[in-house]
Amino acid sequence: MRLFRTCASVLLGILTSLLFNRSECQPATVNPDMGTSARVSTSSPLPHPTNGSLSQSTTGPLPQSTTSPPPPPPSPPPESVTTLEPREDEVTTTVPIATTSPPTKKGRTMSVTPDPNTIVFIRRDVKGPNCQVCVGEDPDKTCNAKELVLRDASITSVSFTCLRPQDVFKVEINREIDCTEVTCSNNIVRTESLLFPDFNRTFTWDPKIMVTTRAFQLDFPEPGMRQIPNSETCPDEHMYHIIAYQRTGPATIGTFCRDGGITRIQVLYKGRVSLEVPGDRKLEPVDFKVSVGPQADVLATIQVALPRGVSNTDFISANYPKDFPSQQKMSWDFLVPGMHSYTIIFPDVTSPQCLKNQVGVEYLTEGKKAPDRTALMDPQPAHRQGNFAMTLQNCETNRTVQGLRLSFRISVMRSGHPVLCTVDLTQKRGLTLSIAKRGSDPYCEMSKDSVVSENITIPSGTKASLSFLDCPSEDLFLTATETIVCKARSLCPDVVLAIPGLDTCLPMPLQSFSWDLQVPVKGTVGLQSPEGTLRHSLPGQECNGTVSLLLTEKHGVSMGHFCPGGIISKVQVRSSVTVTASSKDLSLARRPLLNATFTEEISDSIIYSVSPRVGDPSFLATPNWPGGMAPSSTIAWIVSLPDQCEADLRFINISQPKCEETHTCIRVQTLGSLEEMLSRREDEAAADKLLVSGSFYLNMTNCLVKDGQFSVLTRVTVQKKSSILLSIILGSVGALLLLLIALAVICLVIKKRRTMIKEPSIYIGKGNIFLPGDGMFPKTRADNDSHVYASIDETMVYGHLLQDQGYMENIQEHIQGIPVDSYRTFTGQVDIPPVILATSPEQELDHRPEKDIYRPFLDPAESFHPARPRTPIGRQDSLGFEDRRMVDNELYTFKNTGDINKIRLSAELQPEPGVDGQDLDWEDSM
């Protein structure tokens, strides 16, 4: 190859020399270090190259071929020169080629951001071209030809000194998972790294639990994993390896691929899970779950769900084909499908040389307490059924010789015991049975009279032998149909629709039973519930009972689902009807479901007889709700209301179609009346609510629909009638009662005002208390009432005295500290003792006013000023006494000694004998 390149270079030089007629040349020199890159130069400039020609200065790699070239030989030193000697029959020609230094090596640079808590290892994988991996930027760049470790979760610049580092290096991305006694740090493991997508990658996880006697648990999603020999490769090239770390060293549990029966693996204490993906593969990992497992004394436990049908599944012991760890145990838990048997075979087994204890295999079948133990060379279990656990136990081995290794196979097959059943319908006229496979289990095999079929039908009046092999009951669907024909209405008795008894050998429950009620022309089928009423199952108000009834008209139009307990007392259909009862197990329905009668033709397609309850809203829906009614069909409800009740009718959901012929119509008419309360077409606007005062007839008619559908949902609320006459009477009585009360109040007020006399009141502290105008009050002025005062404003009369500072000080000193309505004896100097005339207490009692007569007065306690001293009043001498305290007072100016004051302040009283002219002491209090 090197010689070929040299010759090509020489030939190119010769052609160039001939083209430009060069006569003087220098010897050609080829630099072998350039490999497939070369610099060609001449002593004179060359013309510009055209497409496909060689440029004047070409630097860089030549295009690579599809196949990788072999590695180049060692380059000679730069000083070496290779000289080509021409053959004797050739003309000697030299081509000048300039000697250059080796070109600068080109590489690849990328930015890498590792995930948190993740370590990235870049290691040299194979021996190849001189290539280094570097980290950082110039001038702080550091390079290494073997390994680079990235630990920081930050953007890092990684560069390679070769153009294809993926052919030289591989990448390992590691993450540790710490587990406590309860949980692990990373519960769900998702492999979503986008680092180095074109490199060979290995993702590793290192779970570790704090307690050495516990195991960490790996749960794989469906369809699970399968174990392969370590020398094989998975079809999708995604290979999982599980390693257990023990004191004696690491032990490889196995290599696994996706799509298998392994759903769970438990590894004791500490281990590693790794995923290998080649560089040219898209990453499509399995998201598995890591959790804390139970207490364990075995190296690892693998849980396997064996597939249904015939299968052979291989398993190997840890470290296979190397030795199984000494004094260790490993177990497998197998879930065997029902109606299957298994057989265990050891294709490759090697017994160790035991120094202590023995090697053995234990089998623990589900439901048993003690395991069965066998030796490696003994026959293993065969043709057994049920779940079981297998445990391989090693002894203390001599490690200088071949140790324990085991490869075994689990063969699963059908049990070979089909379920047989003979169905006899010869005595059940009109009854047909159908059995269909509802599941997708390909291993279920059922046959009728030894003919395998996916669906089996047993016609009425026949007998058949059925066989079911590996068919779970939940994957089979059994239906029955009974046809009831009425040829003449007069000859058709009433029919009770009840579930008949079927053969008990059938391995599946009866889930659907249909009655096909066929009537002659102009006939009607009537349906009633033995329990009294039916209820229409509507969205949001579905039937919650165990049995649901589907009513279907002759042409397959659904009328809806119904169940017992509601407002529908009877359903009449003017055609043949199919009634289908559905339940999880209809054999449990012991009572009749419906009573069917055959009568004359009715005017509407369907008539419902309903009886709503008071205060409970009821809903009436058109057939096939929320779908539309059948074209050109009519439906009616006969709504019966209790006495003294009315119905609030509201159309809460109406869907009107575009009619091709005729019109849709909604009519409301009371029973016994020819007048319609409501009539509405699809092109008319009408009220959506109506108050009906009695039992009524609700009719709906569909047109020949061109587009859309006709469906109506109506709500009926029954309420007690409100009597208008009673309301009028109660209102009149109430108004009359209010009027009487008002008149009585007015009369009382007028009467009270008449009896009240507004008279002024005067104050007399003690003595005779009476009103002016009384008969006992002698007047000297018959025609003059100037002495009577309604009120006296003393502040206005004597207000100018308040301006005297000395007077105010005397008043303040006198009032200060003296309680209201009390009098204290005057202690000042008096020149002449006053003469006081007083009446006796007996005389004062004789002049007390009459009782039970209102006389206003002013309570002395309500007066601010202190009470004045009581002055007994005589006929003429009452104003004759002189009080020295009043002599110098302005208030005293109106008095004259010896003159009779004609101002009357009280009634005249006859003086008592013996008291005239006598001096009386001041009273201490009023």
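Predicted model: local features only at pLDDT ≥ 70, side-chain atom pairs only at ≥ 80, totals over all residues.
Which residue is the bridge partner of aspartate 648 in E53?

**Close-up 1. Strand E53 and its pairing with strand E46.** Threonine 717 in E53 is the bridge partner of aspartate 648. Strand E46 (residues 645–655) runs antiparallel to E53, and 10 bridges join the two. Of the 10 residues of E53 (residues 711–720), seven are buried, so this strand is largely enclosed by the rest of the structure.

**Close-up 2. Strand E53 and its pairing with strand E44.** Four bridges connect E53 with strand E44 (residues 618–621) in the antiparallel sense. Here serine 618 stands opposite valine 716 of E53.

**Close-up 3. The aromatic pair of tyrosine 363 and phenylalanine 388.** The count for the model comes to 15 aromatic pairs. In one of them, tyrosine 363 and phenylalanine 388 are tilted, with 6.5 Å from centre to centre and 45 degrees between the planes. Tyrosine 363 belongs to strand E22 (residues 360–365) and phenylalanine 388 to strand E24 (residues 388–393), so the pair ties together parts that are 25 residues apart in sequence. Both residues, tyrosine 363 and phenylalanine 388, are buried. One aromatic cluster includes Tyr363 and Phe388, with Phe315, Trp332 and Phe408 also among its members.

**Close-up 4. The aromatic pair of phenylalanine 513 and tryptophan 515.** These two rings, of phenylalanine 513 and tryptophan 515, form a tilted pair at 4.7 Å centre to centre, with 50 degrees between the planes. Phenylalanine 513 and tryptophan 515 are both buried.

**Close-up 5. Charged ends over aromatic rings.** Arginine 124 places its charged end over the ring of phenylalanine 169, 5.9 Å from the ring centre. The charged end of lysine 270 sits over the ring of tyrosine 245, at 6.0 Å from its centre.

Terms used
Residues numbered from 1 in each chain as written. Heavy atoms only, no water. Phe/Tyr/Trp six-rings, centres within 6.5 Å; stacked < 30°, edge-to-face > 60°. Buried < 20%, exposed > 50% of the residue type's maximum accessible area, 1.4 Å probe, protein only. Lys NZ or Arg CZ within 6 Å of the ring centre and 35° of its normal. Pairing = 2+ DSSP bridges.
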